Amino acid sequence: MNRLKDKVAIITGAAGGQGKAEAKLFAQEGAKVIATDMNGEMLLKTVKEINDELGGESVIAVQHDIATEEEWAHVFAKTMEKFGKVDILVNNAGMPGKTHENVWDIDTTETMRIVSVNLVGTLLGIKTVMPEMIKNGKGSIINISSAAGLVGGISGGSVAYSATKAALQGITKEIAIDVAKKGIRVNTVFPGLVRTPIMDSFSKEVTERTLSKVPMGFPAEPIDLAYAVLFLASDESRFTTGADFIIDGGFTAQ
Ligand SMILES: NC(=O)c1ccc[n+]([C@@H]2O[C@H](COP(=O)([O-])OP(=O)(O)OC[C@H]3O[C@@H](n4cnc5c(N)ncnc54)[C@H](O)[C@@H]3O)[C@@H](O)[C@H]2O)c1
């Protein structure tokens, strides 16, 4: 019940899927949560649902495009105004790419947007919270990548998605080493197939092909990822930094 007692967490992409499961689990474990998402309407519904179920106002909604630096400043200002500090950042929001028949046949505009969201958006989150975490001498940052950042053939035909998710591993390791002596930990989570709305963007064929290669034979539920993220957010993982957490039912073990 109290694994995150007195901690304040920012979770992006929390209107649904994994971010929603994390926001609820964090609140159940005693955290105050700033839940953000670009989809403001869905976010408000989700936050109300969580607060109604748990009782109280542990989760606050802030509409937010992670690719925009000014909007990160707004999220930070809201966090400080409401809760006075930030201990945890979960860089969970991410966007898929469209399926391209030839994976190299990219659309430049789409590619630049995926880079702005999945890669730059994650970096902007880290840039936003880091001075506060350094000031406090503690913090935990969790970057949500994808198994598509580790192996080929499962991005649904979007090389930009795979490339940006692979980049998150580099961002994690580089920053983890830089801030290791300042009490701040940075880790990457690599989900395999998870039953969330993003799965609907993959074609039926890609989903079935990927699922057929999952040794455990079923997709994860959002809560399966949320438990791993909870461990990394909590002090239980105090000796863990720069690490890869692969939660994929054995997919990349083959
Ligand atoms: N579901 C899977 O199979 C799977 C597999 C591997 C990795 N992932 C990754 O897990 C993370 C969570 O995805 P999910 O599975 O919960 O899917 P999801 O689609 O339910 O959640 C993604 C959320 O991010 C939000 N979002 C997208 N772009 C945004 C932006 N620019 N600013 C703010 N919010 C934005 C969306 O509105 C959505 O609510 C993503 O980074 C995704 O790439 C998912």
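User: Before anything else, what counts as a cavity here?

Analyst: A cavity is a set of grid points where a 1.4 Å probe fits but cannot get out. This is a predicted model.

User: How many cavities of 30 Å³ or more does the structure hold?

Analyst: One. The volume of the largest cavity is about 50 Å³.

User: Which residues line the largest cavity?

Analyst: The lining consists of His100, Val103, Ile106, Asp107, Glu110, Thr111, Ile114, Gly157, Ser158, Val159 and Ala160. The largest share, three residues, is from α4.

User: And how do the residues of that lining divide into nonpolar, polar and charged?

Analyst: Five are nonpolar, four are polar and two are charged.

User: Which elements give two or more residues to the lining of the largest pocket?

Analyst: Those are α1 (17-28), α4, α5 and α6 (204-212). Helix α1 supplies the largest share, three residues. By residue class, the lining of the largest pocket has 23 nonpolar, 16 polar and five charged residues.

User: What about the second largest pocket, what lines it?

Analyst: There are 15 lining residues, with Val103, Gly153, Ser155, Gly156 and Gly157 nearest the centre. The volume of this second largest pocket is about 170 Å³. Both α5 and α6 give two or more residues to its lining, and α6 gives the largest share, three residues. Four of its lining residues are nonpolar, nine polar and two charged.

User: Switching to the ligand. Which residues come nearest?

Analyst: Out of 27 residues around the ligand, the nearest are Gln18, Asp37, Asn92, Tyr161 and Thr196. For Gln18, a backbone N or O atom is 2.8 Å from an oxygen atom of the ligand. Asn92 also has a backbone N or O atom 2.8 Å from an oxygen atom of the ligand.

User: How far is a polar backbone atom of Met38 from a nitrogen atom of the ligand?

Analyst: That distance is 3.3 Å.

User: Now salt bridges. How many does the structure hold?

Analyst: 16. In one of them, the side chains of Arg3 and Glu236 meet, N to O, at 2.7 Å. That pair links distant parts of the chain, 233 residues apart: Arg3 is in the segment before β1 (8-11), and Glu236 is in the loop between α7 (222-233) and β7 (244-247).

User: Which salt bridge does Lys127 make?

Analyst: Lys127 pairs with Glu69 at 2.6 Å, N to O. Lys127 is in helix α4 (residues 108-136) and Glu69 in helix α3 (residues 69-83), so the bridge ties together parts 58 residues apart in sequence. Glu69 is partly exposed, at 38% relative accessibility.

User: What about Glu132 and Lys135, where do they lie?

Analyst: Both are in helix α4, three residues apart, about one turn of the helix.

User: Is Glu132 buried or exposed?

Analyst: Buried, because its relative accessibility is 5% and the cut-off for buried is under 20%. Lys135 counts as exposed at 62%.

Key
Residues numbered from 1 in each chain as written. Predicted model: local features only at pLDDT ≥ 70, side-chain atom pairs only at ≥ 80, totals over all residues. Heavy atoms only, no water. Salt bridge = Lys/Arg side-chain N within 4 Å of Asp/Glu carboxyl O. Helix = DSSP H or I, 4+ residues; strand = E, 2+ residues; numbered from the N terminus. Buried < 20%, exposed > 50% of the residue type's maximum accessible area, 1.4 Å probe, protein only. 1 Å grid on protein atoms, 1.4 Å probe; cavity = no way out; pocket = protein on both sides within 12 Å on 5 of 7 lines; lining within 4 Å. Points joined across faces, edges and corners; volume = space filled by probe spheres on them. Nonpolar A, V, L, I, M, F, W, Y, C, P; charged D, E, K, R; others polar. Near = heavy atom within 4 Å. Polar contact = N/O pair within 3.5 Å; in protein donor to acceptor, adjacent residues only side chain to side chain.
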